[in-house]
Amino acid sequence: MSELEKMAEIVDEAARNATEIPQFSDETPLSMDAAYAVQALSMQRRYARGEKRVGVKMGLTSRAKMLQVGVSEVIWGRLTDAMREEEGGVVSISKYVHPRVEPEIAFLIKSPLAGEVSALEAMNAVAAIAPALEIIDSRYKAFKFDVGDVIADNSSSSGFVIGNWSAPDTDISNLGMVLSINGRPGEIGSSAAILGNPVRSLVAAARMVAQAGESLNPGDIVLAGGATAAIPMAVGQAVSLEVERLGTVAFTVGA
Ligand code: OOG
Ligand code: MG
């Protein structure tokens with residue numbers, strides 16, 4: 001096994017067993033290229049176990065997110081069918097290490113998209129948009145990492161919940177987003193916090209996946225990134241996100 005393959009095994013096992021690992025950057029900081037190689041190798045292990053890639057997530061696309069984790073680089077990760085949690089369902093916290101939830105917007109892709117594209121081209125490839133909750137769960141101790149660590153760990157991807165799909169003709173550039181816990185607003189923001197307009201996150205996704213030799217494919221889900229800081233999850237919480245004009249998406253946290 002190569003050094004990168006060993007690292008891929010470490011992050012994959014940590015995710016699979018919901019266990020903490022030390023940061024790679026304590027010993028050997030990873031370059032962005034090496035980190036994306038580790039991520040790709042760790043995904044090969046998931047696919048070999050039968051998980052299917054269902055899309056991608058963009059990360060650190062808002063200032064609030066960058067500040068919360070101390071990394072100011074837009075990153076991406078892969079989503080699989082095994083990460084999807086049921087809308088309105090109970091999310092079992094035991095599958096996760098120290099999960100947090102954050103308010104997002106999801107795109108459903110209808111035609112292939114990759115490389116340098118304009119915002120208009122990106123929107124023309126979208127079948128639908130929806131409010132979404134992402135459950136992020138860094139496998140690193142104390143949820144601390146540098147940019148190489150987090151990319152290697154599939155950009156903390158671990159769960160996601162998608163609300164009802166709307167036609168893509170809704171203007172999503174500045175929609176109010178309220179993330180509530182037990183009916184009380186916990187984080188309040190706007191879709192404009194996502195790179196000024198979530199469409200820019202989709203444009204970045206097309207460019208970044210192409211750099212890895214992949215594309216956004218019909219049926220893929222693309223998460224645009226958290227519009228606000230993420231909130232730590234705890235058993236008993238009723239989590240809901242209301243996005244202006246797009247509606248609500250929710251789950252409860254179980255043991
Ligand atoms: C990294 C993943 C960031 C987002 O939406 O910004 C992310 C993390 O915060 O652990 O998913
Ligand atoms: Mg996210």
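# Reading a magnesium site and a buried ligand

Q: Let's start with the ligand. How far is an oxygen atom of ligand 1 from a polar backbone atom of Gly 226?

A: The gap from that ligand 1 oxygen to the polar backbone atom of Gly 226 is 2.7 Å. Taken alone, ligand 1 exposes 320 Å², and the protein buries 100% of that (Shrake-Rupley areas with a 1.4 Å probe; for residues, only the protein chains shown count as cover). One thing to keep in mind: this is a predicted model, where local features need pLDDT of at least 70 and side-chain atom pairs need 80 or more, while totals for chains, interfaces and linings use all residues. Residues are numbered from 1 along each chain as its sequence is written, chains are lettered from A and ligands numbered from 1 in the order in which they are written, and side-chain values use heavy atoms, without hydrogens or water.

Q: Which residues come nearest to ligand 1?

A: There are 17 residues around ligand 1, and Leu 60, Lys 65, Glu 102, Ser 156 and Gly 226 come nearest (a residue is near if one of its heavy atoms lies within 4 Å). For Leu 60, a polar backbone atom sits 2.7 Å from an oxygen atom of ligand 1.

Q: Which helices and strands each supply at least two residues of the shell around ligand 1?

A: Strand 1 (53-59), helix 3 (63-69), strand 4 and strand 5 do (DSSP runs numbered from the N terminus: helices are H or I with at least four residues, strands E with at least two). Strand 1 gives the most to that shell, with three residues.

Q: Now the metal. Which residues are the protein donors of the magnesium ion?

A: Donors are N, O and S atoms within 2.8 Å of the metal (3.2 Å for Na, K and Ca), and sites may look incomplete because water is not among the atoms. For the magnesium ion (ligand 2) they are Glu 102, Glu 104 and Glu 134, each through OE, at 1.9 to 2.0 Å. Along the sequence the spacing reads E-x1-E-x29-E. Glu 102 belongs to strand 4 (residues 100-109) and Glu 134 to strand 5 (residues 126-136), so this pair ties together parts that are 32 residues apart in sequence.

Q: Are Glu 102 and Glu 134 buried or exposed?

A: Glu 102 counts as buried, with 3% relative accessibility (buried is under 20% relative accessible area, exposed over 50%, partly exposed in between; 1.4 Å probe, protein chains only). Glu 134 is buried as well, at 0%.

Q: Which side chain does that of Glu 134 make a polar contact with?

A: A polar contact is a pair of N or O atoms within 3.5 Å; within protein, one must be able to donate a hydrogen and the other to accept it, and residues adjacent in sequence count only if both atoms are side-chain atoms. For Glu 134, the partner is the side chain of Lys 57, at 2.8 Å.

Q: What about Arg 78: where does it lie?

A: Look in strand 2 (residues 75-80) for Arg 78. With a relative accessible area of 4%, Arg 78 is buried. Its side chain has a polar contact with the side chain of Gln 39 at 2.9 Å, and another with that of Glu 214 at 2.8 Å.

Q: Moving to the backbone, what is the phi of Ala 18?

A: Ala 18 has a positive phi, about 50 degrees, although it isn't a glycine. You'll find Ala 18 in the loop between helix 1 (3-17) and helix 2 (32-48). Ala 142 also has a positive phi without being a glycine, near 60 degrees. Ala 142 is in the loop between strand 5 and helix 5 (147-152), and its 54% relative accessibility makes it exposed.

Q: Last topic, sequence versus space. How far apart are Tyr 96 and Pro 131, C-alpha to C-alpha?

A: Tyr 96 and Pro 131 are 22 Å apart in space and 35 residues apart in sequence. Tyr 96 sits in the loop between strand 3 (90-92) and strand 4, and is buried at 7% relative accessibility. Phe 160 is in strand 6 (residues 157-162) and counts as buried, at 0%. Finally, Gln 237 and Ser 180 are 57 residues apart along the chain, and their C-alpha atoms are separated by 9.6 Å. Gln 237 lies in the loop between strand 10 (231-232) and strand 11 (238-243), buried at a relative accessible area of 11%.
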